[in-house]
Amino acid sequence: MTAETRPAASAACRAPMAPARSDGGGRQSGTAPDPDDPLALGEYRPGSAAVLTDAERWPTLDAPAAERLRRWRTHPSAPAWVHATGDRLTAEAIERTRTPLPLEGWLDEHLATARKLPFYRGHTGLRTLADFPPIARADLAADVSAFVPLDADLDRMLHGTSSGSTGAALVIPDDVEEVARGFHLLVDLARRAGVEWTPDAERLALVWVLQQRQAFTYISLISGFAHRAMARVNLDARAWRAASDRSRFLADANPQVISGNPTSLAELLSDDLREVLRPLALFSGAMALSGPLRAELETAFACPVIDVYGLHETRPIAARTDDGPFRVLDRRVLVEILDAAGDSVPEGEMGEITVTAGENPLLPLVRYRTGDVGRLVRFPDGAVGIADLEGREHTEFVTGSGVRVPSVDLTQQLQSHGALGWSVVQDASGAVAVTVVGGDAARIREALVVLLEQPVEVGRVNRLIDLGEGKPRRFRSAATA
(Lines give C-alpha, C1' and ligand atoms only; values in the text may rest on other atoms or scores of the structure.)
Protein backbone atom coordinates (compact mmCIF):
# COMPACT_ATOMS: atom_id res chain seq x y z
CA MET A 1 0.00 0.00 0.00
CA THR A 2 1.15 3.51 -0.75
CA ALA A 3 -0.47 5.94 1.63
CA GLU A 4 -0.63 9.58 0.67
CA THR A 5 -1.18 12.59 2.84
CA ARG A 6 -3.51 15.38 1.93
CA PRO A 7 -3.94 19.01 2.93
CA ALA A 8 -5.77 19.75 6.14
CA ALA A 9 -9.52 20.06 5.83
CA SER A 10 -11.68 22.17 8.07
CA ALA A 11 -13.97 20.64 10.62
CA ALA A 12 -17.09 22.52 11.58
CA CYS A 13 -18.50 23.17 8.13
CA ARG A 14 -15.92 21.63 5.91
CA ALA A 15 -15.44 23.17 2.49
CA PRO A 16 -16.46 21.00 -0.46
CA MET A 17 -13.68 18.57 -1.13
CA ALA A 18 -11.34 18.76 -4.05
CA PRO A 19 -11.11 15.44 -5.94
CA ALA A 20 -7.47 14.82 -5.17
CA ARG A 21 -5.07 13.84 -2.48
CA SER A 22 -1.48 14.92 -2.14
CA ASP A 23 1.69 12.93 -1.74
CA GLY A 24 4.07 15.83 -1.27
CA GLY A 25 4.83 18.07 1.66
CA GLY A 26 4.30 15.43 4.31
CA ARG A 27 4.78 16.47 7.91
CA GLN A 28 8.38 17.44 8.18
CA SER A 29 10.19 19.07 11.07
CA GLY A 30 9.22 22.61 12.00
CA THR A 31 12.39 24.05 10.49
CA ALA A 32 11.55 27.16 8.52
CA PRO A 33 12.69 26.90 4.88
CA ASP A 34 13.24 30.67 4.74
CA PRO A 35 15.66 32.06 7.36
CA ASP A 36 14.20 35.53 6.77
CA ASP A 37 10.69 34.36 7.68
CA PRO A 38 10.52 32.93 11.21
CA LEU A 39 6.89 31.90 10.68
CA ALA A 40 7.53 29.79 7.56
CA LEU A 41 6.96 26.05 8.06
CA GLY A 42 8.98 23.32 6.40
CA GLU A 43 5.91 21.32 5.43
CA TYR A 44 4.92 24.10 3.01
CA ARG A 45 8.23 23.99 1.15
CA PRO A 46 7.49 22.91 -2.44
CA GLY A 47 8.27 19.26 -3.14
CA SER A 48 9.38 18.49 0.41
CA ALA A 49 8.12 14.89 0.35
CA ALA A 50 6.84 13.78 -3.04
CA VAL A 51 6.63 9.99 -3.20
CA LEU A 52 4.58 8.96 -6.26
CA THR A 53 5.10 9.23 -9.99
CA ASP A 54 2.44 10.76 -12.22
CA ALA A 55 1.64 7.32 -13.61
CA GLU A 56 0.87 6.15 -10.07
CA ARG A 57 -1.20 9.23 -9.30
CA TRP A 58 -3.34 8.82 -12.43
CA PRO A 59 -3.33 5.22 -13.72
CA THR A 60 -5.36 6.28 -16.79
CA LEU A 61 -3.13 9.25 -17.66
CA ASP A 62 -2.83 9.76 -21.42
CA ALA A 63 -0.70 12.13 -23.52
CA PRO A 64 -3.23 15.03 -23.70
CA ALA A 65 -3.76 14.84 -19.94
CA ALA A 66 -0.02 14.81 -19.29
CA GLU A 67 0.39 17.88 -21.45
CA ARG A 68 -2.48 19.60 -19.63
CA LEU A 69 -0.76 18.85 -16.32
CA ARG A 70 2.58 20.16 -17.58
CA ARG A 71 0.99 23.39 -18.80
CA TRP A 72 -0.53 24.31 -15.47
CA ARG A 73 2.44 23.17 -13.42
CA THR A 74 4.70 25.48 -15.43
CA HIS A 75 2.31 28.36 -16.05
CA PRO A 76 4.35 31.59 -15.88
CA SER A 77 1.91 33.25 -13.47
CA ALA A 78 1.21 30.22 -11.29
CA PRO A 79 1.97 30.32 -7.59
CA ALA A 80 4.56 27.98 -6.15
CA TRP A 81 2.91 24.56 -6.04
CA VAL A 82 3.64 23.01 -2.65
CA HIS A 83 2.23 19.56 -3.35
CA ALA A 84 1.82 17.01 -6.11
CA THR A 85 -1.50 15.20 -6.17
CA GLY A 86 -3.52 12.48 -7.84
CA ASP A 87 -6.76 10.55 -7.47
CA ARG A 88 -5.19 7.10 -8.10
CA LEU A 89 -8.27 5.80 -9.90
CA THR A 90 -8.18 2.88 -12.29
CA ALA A 91 -10.56 2.82 -15.26
CA GLU A 92 -12.89 0.49 -13.35
CA ALA A 93 -12.84 2.75 -10.29
CA ILE A 94 -13.64 5.80 -12.43
CA GLU A 95 -16.82 4.12 -13.62
CA ARG A 96 -17.81 3.00 -10.12
CA THR A 97 -17.42 6.48 -8.68
CA ARG A 98 -19.79 8.08 -11.21
CA THR A 99 -22.72 6.43 -9.41
CA PRO A 100 -23.88 7.25 -5.87
CA LEU A 101 -23.85 4.44 -3.35
CA PRO A 102 -27.22 2.63 -3.12
CA LEU A 103 -29.44 3.71 -0.23
CA GLU A 104 -31.77 0.75 0.17
CA GLY A 105 -30.99 -1.00 3.46
CA TRP A 106 -27.82 1.02 4.00
CA LEU A 107 -28.47 1.83 7.66
CA ASP A 108 -28.94 -1.81 8.69
CA GLU A 109 -25.73 -2.76 6.88
CA HIS A 110 -23.94 0.20 8.42
CA LEU A 111 -24.93 -0.72 11.97
CA ALA A 112 -23.92 -4.34 11.36
CA THR A 113 -20.46 -3.11 10.33
CA ALA A 114 -20.24 -0.77 13.31
CA ARG A 115 -21.03 -3.53 15.82
CA LYS A 116 -17.81 -5.30 14.74
CA LEU A 117 -15.59 -2.23 15.21
CA PRO A 118 -12.95 -2.50 17.94
CA PHE A 119 -14.40 0.60 19.63
CA TYR A 120 -17.62 -1.25 20.48
CA ARG A 121 -16.00 -4.34 22.02
CA GLY A 122 -17.69 -4.90 25.34
CA HIS A 123 -20.81 -3.01 24.30
CA THR A 124 -23.93 -5.15 24.34
CA GLY A 125 -27.48 -4.58 23.25
CA LEU A 126 -26.57 -2.50 20.18
CA ARG A 127 -29.66 -3.56 18.29
CA THR A 128 -30.97 -0.26 16.95
CA LEU A 129 -29.46 3.13 16.18
CA ALA A 130 -30.71 4.52 19.50
CA ASP A 131 -28.77 1.82 21.38
CA PHE A 132 -25.41 3.17 20.21
CA PRO A 133 -23.81 5.70 22.55
CA PRO A 134 -23.02 9.07 20.95
CA ILE A 135 -19.35 9.56 20.12
CA ALA A 136 -17.30 12.72 19.60
CA ARG A 137 -14.09 14.01 18.11
CA ALA A 138 -12.18 13.09 21.28
CA ASP A 139 -13.01 9.42 20.68
CA LEU A 140 -11.47 9.55 17.21
CA ALA A 141 -8.47 11.49 18.47
CA ALA A 142 -7.85 8.89 21.19
CA ASP A 143 -7.71 5.98 18.72
CA VAL A 144 -9.06 6.47 15.23
CA SER A 145 -8.04 2.92 14.28
CA ALA A 146 -10.75 1.62 16.62
CA PHE A 147 -13.29 2.93 14.10
CA VAL A 148 -11.73 1.32 11.01
CA PRO A 149 -13.35 -2.00 10.02
CA LEU A 150 -11.02 -4.96 10.47
CA ASP A 151 -11.75 -6.15 6.94
CA ALA A 152 -11.28 -2.71 5.33
CA ASP A 153 -9.42 -2.54 2.01
CA LEU A 154 -6.39 -0.56 3.16
CA ASP A 155 -4.97 -0.49 -0.36
CA ARG A 156 -7.57 2.18 -1.07
CA MET A 157 -6.64 4.24 1.96
CA LEU A 158 -5.29 7.77 2.01
CA HIS A 159 -4.86 9.70 5.19
CA GLY A 160 -5.79 13.30 5.77
CA THR A 161 -5.97 15.69 8.65
CA SER A 162 -8.87 17.67 10.03
CA SER A 163 -7.51 20.70 11.82
CA GLY A 164 -10.74 21.46 13.63
CA SER A 165 -11.35 24.59 15.65
CA THR A 166 -10.49 23.16 19.05
CA GLY A 167 -7.38 21.11 19.82
CA ALA A 168 -4.93 19.08 17.80
CA ALA A 169 -5.39 17.91 14.24
CA LEU A 170 -7.20 14.63 13.72
CA VAL A 171 -5.83 12.05 11.28
CA ILE A 172 -8.63 10.52 9.23
CA PRO A 173 -8.52 7.51 6.86
CA ASP A 174 -9.96 8.42 3.46
CA ASP A 175 -11.04 6.08 0.68
CA VAL A 176 -9.92 6.93 -2.86
CA GLU A 177 -13.23 6.03 -4.46
CA GLU A 178 -15.28 7.88 -1.86
CA VAL A 179 -13.19 11.01 -2.42
CA ALA A 180 -13.78 10.82 -6.17
CA ARG A 181 -17.49 10.18 -5.64
CA GLY A 182 -17.57 13.43 -3.67
CA PHE A 183 -16.67 15.37 -6.81
CA HIS A 184 -19.64 13.92 -8.66
CA LEU A 185 -21.82 14.97 -5.72
CA LEU A 186 -20.73 18.57 -6.39
CA VAL A 187 -21.61 18.16 -10.07
CA ASP A 188 -25.05 16.88 -9.07
CA LEU A 189 -25.61 19.74 -6.62
CA ALA A 190 -24.72 22.20 -9.38
CA ARG A 191 -27.18 20.49 -11.72
CA ARG A 192 -29.92 20.77 -9.11
CA ALA A 193 -29.14 24.49 -8.96
CA GLY A 194 -29.69 24.75 -12.72
CA VAL A 195 -26.05 24.48 -13.83
CA GLU A 196 -24.84 21.89 -16.34
CA TRP A 197 -21.21 21.38 -15.36
CA THR A 198 -19.39 19.43 -18.07
CA PRO A 199 -15.77 19.60 -19.32
CA ASP A 200 -15.25 22.83 -21.26
CA ALA A 201 -12.15 23.04 -23.44
CA GLU A 202 -9.09 23.80 -21.28
CA ARG A 203 -10.84 25.69 -18.49
CA LEU A 204 -9.89 24.46 -15.04
CA ALA A 205 -12.81 22.35 -13.89
CA LEU A 206 -12.51 23.42 -10.27
CA VAL A 207 -10.43 25.83 -8.24
CA TRP A 208 -10.44 25.49 -4.46
CA VAL A 209 -9.43 28.87 -3.04
CA LEU A 210 -7.97 29.67 0.36
CA GLN A 211 -6.93 32.91 2.00
CA GLN A 212 -4.25 32.32 4.61
CA ARG A 213 -0.60 32.98 5.29
CA GLN A 214 0.59 29.51 4.27
CA ALA A 215 -1.36 26.77 2.57
CA PHE A 216 -1.02 23.50 0.69
CA THR A 217 -1.39 24.31 -3.01
CA TYR A 218 -1.36 21.99 -5.98
CA ILE A 219 -2.47 21.21 -9.51
CA SER A 220 -4.24 17.94 -10.15
CA LEU A 221 -6.34 16.14 -12.74
CA ILE A 222 -9.85 14.78 -12.29
CA SER A 223 -9.77 11.38 -13.98
CA GLY A 224 -13.57 11.04 -13.97
CA PHE A 225 -14.05 14.45 -15.58
CA ALA A 226 -12.18 13.87 -18.85
CA HIS A 227 -8.87 14.42 -17.05
CA ARG A 228 -9.56 18.12 -16.75
CA ALA A 229 -7.34 20.06 -14.37
CA MET A 230 -8.21 21.46 -10.96
CA ALA A 231 -6.19 23.48 -8.48
CA ARG A 232 -5.95 24.40 -4.84
CA VAL A 233 -4.86 28.03 -4.75
CA ASN A 234 -3.97 30.44 -1.96
CA LEU A 235 -5.25 33.95 -2.72
CA ASP A 236 -2.97 35.55 -0.13
CA ALA A 237 -0.66 38.08 -1.78
CA ARG A 238 2.39 36.35 -0.29
CA ALA A 239 1.66 33.21 -2.33
CA TRP A 240 2.36 34.95 -5.67
CA ARG A 241 5.64 36.02 -7.19
CA ALA A 242 4.23 39.27 -8.55
CA ALA A 243 1.15 41.26 -7.57
CA SER A 244 -0.42 40.80 -10.99
CA ASP A 245 0.14 37.02 -11.16
CA ARG A 246 -2.99 36.18 -9.19
CA SER A 247 -5.39 37.74 -11.68
CA ARG A 248 -3.34 36.62 -14.69
CA PHE A 249 -3.32 33.00 -13.59
CA LEU A 250 -7.02 32.89 -12.70
CA ALA A 251 -8.01 34.73 -15.87
CA ASP A 252 -6.17 32.13 -17.94
CA ALA A 253 -7.47 29.26 -15.84
CA ASN A 254 -11.04 30.61 -16.18
CA PRO A 255 -12.31 28.08 -13.62
CA GLN A 256 -15.73 26.60 -14.22
CA VAL A 257 -16.49 26.25 -10.51
CA ILE A 258 -14.85 27.81 -7.48
CA SER A 259 -14.99 26.34 -3.98
CA GLY A 260 -13.86 27.87 -0.73
CA ASN A 261 -14.88 29.26 2.62
CA PRO A 262 -16.60 32.66 2.98
CA THR A 263 -13.30 34.40 3.74
CA SER A 264 -11.68 33.22 0.51
CA LEU A 265 -14.84 33.66 -1.56
CA ALA A 266 -15.11 37.25 -0.36
CA GLU A 267 -11.62 37.84 -1.77
CA LEU A 268 -13.02 37.04 -5.23
CA LEU A 269 -14.84 40.37 -5.00
CA SER A 270 -11.50 42.21 -5.15
CA ASP A 271 -11.15 44.50 -8.15
CA ASP A 272 -8.43 42.36 -9.77
CA LEU A 273 -10.54 39.18 -9.65
CA ARG A 274 -14.17 40.24 -9.99
CA GLU A 275 -13.75 41.21 -13.64
CA VAL A 276 -11.79 38.15 -14.79
CA LEU A 277 -13.80 35.32 -13.24
CA ARG A 278 -16.88 33.79 -14.86
CA PRO A 279 -17.80 30.77 -12.72
CA LEU A 280 -20.82 28.57 -13.38
CA ALA A 281 -21.28 28.14 -9.63
CA LEU A 282 -19.63 28.85 -6.30
CA PHE A 283 -19.45 26.36 -3.43
CA SER A 284 -19.06 27.63 0.13
CA GLY A 285 -18.19 25.68 3.24
CA ALA A 286 -16.01 25.53 6.38
CA MET A 287 -17.63 28.60 7.96
CA ALA A 288 -21.08 30.16 8.11
CA LEU A 289 -21.96 32.06 4.94
CA SER A 290 -23.85 35.25 5.69
CA GLY A 291 -26.89 36.25 3.66
CA PRO A 292 -25.40 39.59 2.55
CA LEU A 293 -22.18 37.96 1.35
CA ARG A 294 -24.17 35.35 -0.57
CA ALA A 295 -26.18 38.13 -2.22
CA GLU A 296 -23.05 40.07 -3.14
CA LEU A 297 -21.41 37.00 -4.67
CA GLU A 298 -24.56 36.13 -6.64
CA THR A 299 -24.75 39.68 -7.98
CA ALA A 300 -21.06 39.89 -8.85
CA PHE A 301 -20.84 36.56 -10.68
CA ALA A 302 -24.44 35.92 -11.77
CA CYS A 303 -24.32 32.30 -10.63
CA PRO A 304 -25.72 30.18 -7.80
CA VAL A 305 -23.85 30.03 -4.50
CA ILE A 306 -24.21 26.56 -3.00
CA ASP A 307 -23.60 26.43 0.74
CA VAL A 308 -22.50 22.95 1.88
CA TYR A 309 -22.49 21.82 5.50
CA GLY A 310 -20.33 18.88 6.49
CA LEU A 311 -17.25 17.68 8.32
CA HIS A 312 -14.22 15.82 7.11
CA GLU A 313 -15.25 13.00 9.42
CA THR A 314 -18.82 12.75 8.12
CA ARG A 315 -18.49 14.03 4.54
CA PRO A 316 -21.10 16.50 3.21
CA ILE A 317 -24.29 16.41 5.23
CA ALA A 318 -26.60 19.10 3.85
CA ALA A 319 -26.69 21.96 1.36
CA ARG A 320 -28.71 25.02 0.43
CA THR A 321 -28.87 27.59 -2.36
CA ASP A 322 -30.63 30.32 -0.37
CA ASP A 323 -30.69 31.56 3.21
CA GLY A 324 -33.28 29.03 4.40
CA PRO A 325 -32.67 25.68 6.10
CA PHE A 326 -30.03 23.29 4.81
CA ARG A 327 -31.53 20.29 3.02
CA VAL A 328 -30.05 17.00 4.27
CA LEU A 329 -28.52 15.26 1.27
CA ASP A 330 -30.04 12.13 -0.22
CA ARG A 331 -27.07 9.92 0.58
CA ARG A 332 -25.80 7.68 3.37
CA VAL A 333 -26.26 10.22 6.12
CA LEU A 334 -28.76 10.41 8.99
CA VAL A 335 -29.08 13.47 11.22
CA GLU A 336 -30.29 13.59 14.82
CA ILE A 337 -30.45 16.50 17.27
CA LEU A 338 -29.33 15.62 20.81
CA ASP A 339 -29.37 17.49 24.10
CA ALA A 340 -26.41 17.74 26.47
CA ALA A 341 -27.28 14.37 28.03
CA GLY A 342 -27.25 12.63 24.64
CA ASP A 343 -31.01 12.26 24.32
CA SER A 344 -32.92 13.10 21.15
CA VAL A 345 -34.92 16.32 21.27
CA PRO A 346 -38.28 16.82 19.53
CA GLU A 347 -38.22 17.99 15.92
CA GLY A 348 -37.95 21.77 15.83
CA GLU A 349 -35.96 22.15 19.06
CA MET A 350 -32.34 23.31 19.19
CA GLY A 351 -29.60 20.88 20.11
CA GLU A 352 -26.33 19.36 18.94
CA ILE A 353 -26.21 18.06 15.39
CA THR A 354 -25.34 14.37 15.53
CA VAL A 355 -24.63 12.38 12.38
CA THR A 356 -24.56 8.74 11.37
CA ALA A 357 -22.38 8.65 8.25
CA GLY A 358 -21.89 5.73 5.90
CA GLU A 359 -20.20 7.18 2.80
CA ASN A 360 -16.60 6.48 3.85
CA PRO A 361 -16.10 2.69 4.19
CA LEU A 362 -12.91 3.29 6.18
CA LEU A 363 -14.64 5.35 8.86
CA PRO A 364 -18.24 4.20 9.47
CA LEU A 365 -19.55 6.58 12.13
CA VAL A 366 -22.63 6.10 14.30
CA ARG A 367 -24.16 9.03 16.18
CA TYR A 368 -21.16 11.32 15.82
CA ARG A 369 -21.59 14.56 17.76
CA THR A 370 -20.43 17.38 15.50
CA GLY A 371 -20.16 20.13 18.09
CA ASP A 372 -22.48 22.23 15.91
CA VAL A 373 -26.02 23.18 16.87
CA GLY A 374 -29.27 23.54 14.97
CA ARG A 375 -32.79 22.14 14.78
CA LEU A 376 -34.48 19.68 12.44
CA VAL A 377 -37.31 20.92 10.24
CA ARG A 378 -39.35 19.49 7.35
CA PHE A 379 -39.55 20.85 3.84
CA PRO A 380 -42.95 20.80 2.10
CA ASP A 381 -41.90 17.69 0.17
CA GLY A 382 -41.12 15.88 3.43
CA ALA A 383 -37.34 16.14 3.17
CA VAL A 384 -35.36 16.77 6.37
CA GLY A 385 -33.67 20.13 6.87
CA ILE A 386 -31.34 21.76 9.40
CA ALA A 387 -32.38 25.27 10.45
CA ASP A 388 -30.56 27.90 12.52
CA LEU A 389 -27.22 26.14 12.07
CA GLU A 390 -24.42 27.59 14.19
CA GLY A 391 -20.92 26.17 14.23
CA ARG A 392 -19.47 24.67 17.37
CA GLU A 393 -20.85 25.45 20.80
CA HIS A 394 -24.27 26.99 21.25
CA THR A 395 -23.45 30.47 22.58
CA GLU A 396 -25.96 32.47 24.59
CA PHE A 397 -25.66 36.15 25.47
CA VAL A 398 -27.08 37.74 28.59
CA THR A 399 -29.25 40.86 28.49
CA GLY A 400 -29.14 43.64 31.05
CA SER A 401 -32.21 42.14 32.70
CA GLY A 402 -30.62 38.68 32.95
CA VAL A 403 -32.43 37.02 30.03
CA ARG A 404 -30.44 34.60 27.87
CA VAL A 405 -30.44 35.31 24.12
CA PRO A 406 -29.23 32.67 21.61
CA SER A 407 -26.56 33.68 19.11
CA VAL A 408 -28.92 33.04 16.20
CA ASP A 409 -30.90 36.14 17.29
CA LEU A 410 -27.75 38.21 16.89
CA THR A 411 -27.04 36.60 13.52
CA GLN A 412 -30.43 37.70 12.23
CA GLN A 413 -29.80 41.31 13.26
CA LEU A 414 -26.28 41.41 11.88
CA GLN A 415 -27.37 40.00 8.53
CA SER A 416 -30.42 42.22 8.26
CA HIS A 417 -28.16 45.28 8.52
CA GLY A 418 -25.77 44.05 5.83
CA ALA A 419 -22.84 42.57 7.74
CA LEU A 420 -20.80 40.16 5.62
CA GLY A 421 -19.01 38.68 8.62
CA TRP A 422 -18.54 39.40 12.30
CA SER A 423 -17.13 38.57 15.71
CA VAL A 424 -19.20 39.29 18.83
CA VAL A 425 -17.66 39.08 22.30
CA GLN A 426 -19.46 39.69 25.60
CA ASP A 427 -17.29 40.14 28.67
CA ALA A 428 -18.15 39.13 32.21
CA SER A 429 -19.71 42.53 32.95
CA GLY A 430 -22.15 42.12 30.05
CA ALA A 431 -20.57 44.68 27.72
CA VAL A 432 -20.42 43.63 24.09
CA ALA A 433 -17.67 44.27 21.53
CA VAL A 434 -18.60 43.68 17.90
CA THR A 435 -16.29 43.62 14.89
CA VAL A 436 -18.00 43.63 11.49
CA VAL A 437 -17.08 43.45 7.84
CA GLY A 438 -19.50 45.54 5.79
CA GLY A 439 -22.96 46.55 6.88
CA ASP A 440 -24.30 49.60 8.67
CA ALA A 441 -22.31 49.77 11.91
CA ALA A 442 -24.55 52.40 13.48
CA ARG A 443 -27.74 50.42 12.89
CA ILE A 444 -26.07 47.21 14.04
CA ARG A 445 -25.14 48.90 17.29
CA GLU A 446 -28.67 50.26 17.75
CA ALA A 447 -30.23 46.86 17.11
CA LEU A 448 -27.93 45.00 19.49
CA VAL A 449 -28.38 47.57 22.23
CA VAL A 450 -32.14 47.04 21.98
CA LEU A 451 -31.78 43.25 21.83
CA LEU A 452 -29.25 42.90 24.66
CA GLU A 453 -29.88 45.97 26.84
CA GLN A 454 -26.12 46.15 27.28
CA PRO A 455 -23.34 48.58 26.26
CA VAL A 456 -22.30 47.75 22.68
CA GLU A 457 -19.18 48.90 20.81
CA VAL A 458 -18.96 48.26 17.08
CA GLY A 459 -15.69 48.32 15.17
CA ARG A 460 -15.00 47.66 11.51
CA VAL A 461 -12.42 45.78 9.48
CA ASN A 462 -12.19 45.80 5.72
CA ARG A 463 -12.10 42.11 4.84
CA LEU A 464 -13.24 38.81 6.29
CA ILE A 465 -9.64 37.67 6.55
CA ASP A 466 -9.09 40.56 8.98
CA LEU A 467 -11.31 38.73 11.47
CA GLY A 468 -8.62 36.04 11.66
CA GLU A 469 -7.38 33.11 9.62
CA GLY A 470 -9.09 29.74 9.66
CA LYS A 471 -12.44 29.69 11.45
CA PRO A 472 -12.43 32.51 14.01
CA ARG A 473 -15.09 32.09 16.68
CA ARG A 474 -18.02 34.30 15.72
CA PHE A 475 -19.62 34.39 19.17
CA ARG A 476 -18.20 34.34 22.69
CA SER A 477 -19.78 35.26 25.99
CA ALA A 478 -18.32 35.26 29.49
CA ALA A 479 -21.43 36.77 31.08
CA THR A 480 -23.67 34.83 33.44
CA ALA A 481 -27.34 35.41 34.15
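## The largest nonpolar core

The largest nonpolar core of this predicted model has 37 residues, and those touching the most other members are Val233, Phe249, Leu268, Leu282, Leu293, Leu297 and Phe301. Here, a nonpolar core is a set of buried Ala, Val, Leu, Ile, Met, Phe, Trp, Tyr and Cys residues joined through side-chain atoms within 4.5 Å. Buried means under 20% relative accessible area, exposed over 50%, and partly exposed in between, with a 1.4 Å probe and protein chains only. In soluble globular proteins, nonpolar side chains tend to be buried together.

Helices (H or I, at least four residues) and strands (E, at least two) are DSSP runs, numbered from the N terminus. Leu268 has contacts, meaning heavy atoms within 4.5 Å, with Leu235, Ile258, Leu273, Arg274, Leu277, Leu282 and Phe301, leaving aside residues up to four places away in sequence. A second, separate core has 33 residues, among them Ala114, Leu126, Leu311 and Val355.

## Aromatic rings

There are 11 aromatic pairs in the structure. Rings of Phe, Tyr and Trp (its six-membered ring) pair if their centres lie within 6.5 Å; planes under 30 degrees apart are stacked, over 60 edge-to-face, and the rest tilted. How do Tyr120 and Phe132 pair? Their ring centres are 5.2 Å apart and their planes are at 85°, so the pair is edge-to-face. Tyr120 and Phe132 both lie in the loop between helix H4 (106–115) and helix H5 (137–142), so the pair ties together parts 12 residues apart in sequence. Both Tyr120 and Phe132 are buried.

Trp240 and Phe249 make a tilted pair, with 6.1 Å from centre to centre and 50° between the planes. Both are buried, and together with Trp72 and Trp81 they form one aromatic cluster.

## Arginines to look for

Arg68 lies in helix H2 and is buried, with a relative accessible area of 9%. Its side chain joins that of Glu202 through a polar contact of 2.8 Å (a pair of N or O atoms within 3.5 Å; within protein, one must be able to donate a hydrogen and the other to accept it, and residues adjacent in sequence count only if both atoms are side-chain atoms).

The charged end of Arg232 sits over the ring of Trp208, 4.3 Å from its centre (CZ of Arg or NZ of Lys within 6 Å of the ring centre and within 35 degrees of the ring normal).

## How to read the values

Residues are numbered from 1 along each chain as its sequence is written, and side-chain values use heavy atoms, leaving out hydrogens and water. Local features need pLDDT of at least 70 and side-chain atom pairs count only at pLDDT 80 or more, while totals for chains, interfaces and linings use all residues.
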